[in-house]
Every structure is written in structure tokens, then in C-alpha cells.
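This report describes one protein chain. Look at the sequence and the structure first, then read on.

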Amino acid sequence: MAQLTEKQESFCSKIAAGRSKSQAYRESYDARGMSEQSIWCEAHRLSVHPKVAPRLAEIQSECSERLVSSAIADREEVRLFHNLRSQI
């Protein structure tokens, strides 16, 4: 995967943390004086950039894997709880 600039990686990390693309753009780039429409356009343009889009996809995949692992662990914990409870 291509190397991202510090600001591009910051943008991706902030999206992974749950921020909108516009908010991630504001926090990663100097957006002072920009209209909301300009910020939205630049955030979108950045999100489809040939170097940034694959990183966002990678982050989304990692998040999905963690969610699935967490759901499996939660399900196993509930199963164990019910088994222990039935033994009491």
C-alpha cells in the first residue's frame, strides 16, 4: 500500500474513530475560512484519493473483523453464563 502523508493518515484514523469525513477533514487539515460545502467536497475528494481509499477500506475491514470477534466472544460469554447458572 502506498505511503500516506501524516495528514492523510490522520484523516483515516479519525474516520476509524467514528468521526464523519467532514469532521475528520476539519481536524486533520486547516479548514479555517472554508465553507461547509467546500469541506464536504474536499473530504469526499480525499476519501476517494487513490492512496487514501485503500487505507480506509483496510481500516473498515479491520473494524469489521474486531466486531465479529467481539460478537463471538460475547456470545460465548453468554453461553458460559447460562451453563453456570443452570448448575446452581
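## The nonpolar core

A nonpolar core is a set of buried Ala, Val, Leu, Ile, Met, Phe, Trp, Tyr and Cys residues joined through side-chain atoms within 4.5 Å. Buried means under 20% relative accessible area. The model shown here is predicted. Its largest nonpolar core has 13 residues, and F11, C12, Y25, Y29, L46, V52 and L56 are those with the most contacts inside it. Two or more residues of this core come from each of the elements α1 (6–16), α2 (21–28), α3 (36–47) and α4 (52–87). In soluble globular proteins, nonpolar side chains tend to be buried together.

## The chain as a whole

The chain contains four helices and zero strands. Read from the N terminus, its elements follow the order α-α-α-α.

Of the 88 residues in the chain, 22% count as buried. Among contacts between residues at least 6 apart in sequence, 43% join residues at least 24 apart.

## How α1 meets α2

The helices α1 and α2 pack at an angle of about 140 degrees, and their axes are 8 Å apart. Because of this angle, α1 is oblique to α2. The crossing of α1 past α2 is right-handed.

Which residues make this contact of α1 with α2? From α1 come K7, S10, F11, K14 and I15, and from α2 come K21, A24, Y25, E27 and S28. These residues divide into four nonpolar, two polar and four charged. F11 and Y25 are also among the core residues with the most contacts.

## Two residues of the core

Leaving out residues up to four places away in sequence, C12 touches L4, V52, R55, L56 and I59. Of these partners, V52 and L56 are listed with C12 among the core residues with the most contacts.

Y29 is placed in the loop between α2 and α3. With residues up to four places away in sequence again left out, Y29 touches T5, K7, Q8, F11 and L46. The C-alpha atoms of Y29 and A43 are 9.8 Å apart, and the two residues are 14 apart in sequence.

## A residue of α4

A57 belongs to helix α4. Is A57 buried, exposed or partly exposed? A57 counts as partly exposed because its relative accessibility is 43%, and partly exposed lies between the limits of under 20% for buried and over 50% for exposed. Along the chain A57 and C12 are 45 residues apart, while their C-alpha atoms are separated by 9.7 Å.

Key:
Residues numbered from 1 in each chain as written. Predicted model: local features only at pLDDT ≥ 70, side-chain atom pairs only at ≥ 80, totals over all residues. Heavy atoms only, no water. Buried < 20%, exposed > 50% of the residue type's maximum accessible area, 1.4 Å probe, protein only. Contact = heavy atoms within 4.5 Å. Axes fitted to C-alpha atoms, helices over the stretch in contact; angles between N-to-C directions. Parallel < 35°, antiparallel > 145°, perpendicular 65-115°, else oblique. Left-handed = near helix turned anticlockwise from the far one by under 90°. Nonpolar A, V, L, I, M, F, W, Y, C, P; charged D, E, K, R; others polar.
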